[in-house]
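I opened my notebook today to look around a structure that is new to me. Come along and follow the entries with the model in view.

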Amino acid sequence: MTKENKKELSLEQREELLQVLKARFEKNMNRHEGLEWSDIQAKLDANTEKLWSLHEMERTGGELDVVGYDEARGEYIFYDCSKESPKGRRSVCYDREALESRKKHKPENNAMDMATAMGIELLTEEQYRALQRLDNFDMKTSSWIQTPSDIRERGGALFCDYRYGHVFVYHNGAESYYGARGFRGSLRV
């Protein structure tokens, strides 16, 4: 099996994913008012390479959904919409540098490498806040977000959660990891 074939879904996986996405889309119309599933499916059918990334988001517990449409770029925007940070992406430090800096008790992976391997990006603070306007997420967990380079150069990384009716942005050492902290991703199609 070539590396390229590895990132392709079988017809059965593709159909199952599209059914899940359509059902979630129809159940949560408040997340994407004014958008039509038929238009989204046509875009997905024309960009089958993105289906693999969406499948990975779903497989790791992201419960992804369409949260908007960028008219200028002609792209639909998908975010992880699981109530808590995706289960298959928790207990990870921020990036490879942080992972390699740990001498003991290393986590199995890091958020940035996982996102890259999945073909997605970590949410920015702005995207995380936009997600929270759709519903309340991360009320028991937290999620790493993209960290400005000046903070990362000093060894830190940012994460967010939702408590007491507010979005909180925190900092931690990038090498830290917790069972309740993962990351949320975005993908444009």
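This is a predicted model: local features need pLDDT of at least 70, side-chain atom pairs count only at pLDDT 80 or more; totals for chains, interfaces and linings use all residues.

**Entry 1: Glu 63.** Glu 63 counts as partly exposed because its relative accessibility is 37%, which falls between the 20% limit for buried and the 50% limit for exposed. I found Glu 63 in the loop between α4 and β1. I also looked up its backbone: phi of Glu 63 is near 45°, a positive value in a residue other than glycine.

**Entry 2: Ser 91.** Next I turned to Ser 91, where phi is near 60°, again a positive value in a residue that is not glycine. Ser 91 sits in the loop between β2 (75–80) and α5 (96–101). Its relative accessibility is 31%, so I noted Ser 91 as partly exposed.

**Entry 3: helix α2.** I then followed α2, which covers residues 11–27 and has 17 residues. From first C-alpha to last, α2 reaches 24 Å, close to the 24 Å expected at 1.5 Å a residue. Which residues of α2 are buried? I listed Leu 17, Leu 18, Leu 21, Arg 24 and Phe 25. Looking down the axis of α2, I saw why they belong together: these buried residues fall within an arc of 130°, so they line one face of the helix. On the face of α2 turned away from the buried side, I noted the exposed residues Leu 11, Glu 12, Gln 19 and Lys 27. What covers the buried residues of α2? The cover includes α3 (37–46), α4 (48–59) and β1 (64–70).

**Entry 4: α3 and α4.** At the contact, Leu 44, Asp 45 and Ala 46 of α3 meet Thr 48, Leu 51 and Leu 54 of α4. I sorted the residues of this contact into four nonpolar, one polar and one charged.

**Entry 5: Val 167.** My last stop was Val 167, in strand β6 (residues 166–173). Is Val 167 buried or exposed? Val 167 is buried, with a relative accessible area of 16%. Setting aside neighbours within four places in sequence, I found Val 167 in contact with Tyr 128, Arg 129, Gln 132, Asp 161 and Tyr 162. I also checked Glu 125: Glu 125 and Val 167 are 42 residues apart in sequence and 9.8 Å apart in space, C-alpha to C-alpha.

Methods:
Residues are numbered from 1 along each chain as its sequence is written. Side-chain values use heavy atoms; hydrogens and water are left out. Helices (H or I, at least four residues) and strands (E, at least two) are DSSP runs, numbered from the N terminus. The expected span of a helix is 1.5 Å times one less than its number of residues. Buried means under 20% relative accessible area, exposed over 50%, partly exposed in between (1.4 Å probe, protein chains only). The arc is that of the directions from the helix axis to the C-beta atoms. Contact means heavy atoms within 4.5 Å. Ala, Val, Leu, Ile, Met, Phe, Trp, Tyr, Cys and Pro count as nonpolar, Asp, Glu, Lys and Arg as charged, and the others, Gly among them, as polar.
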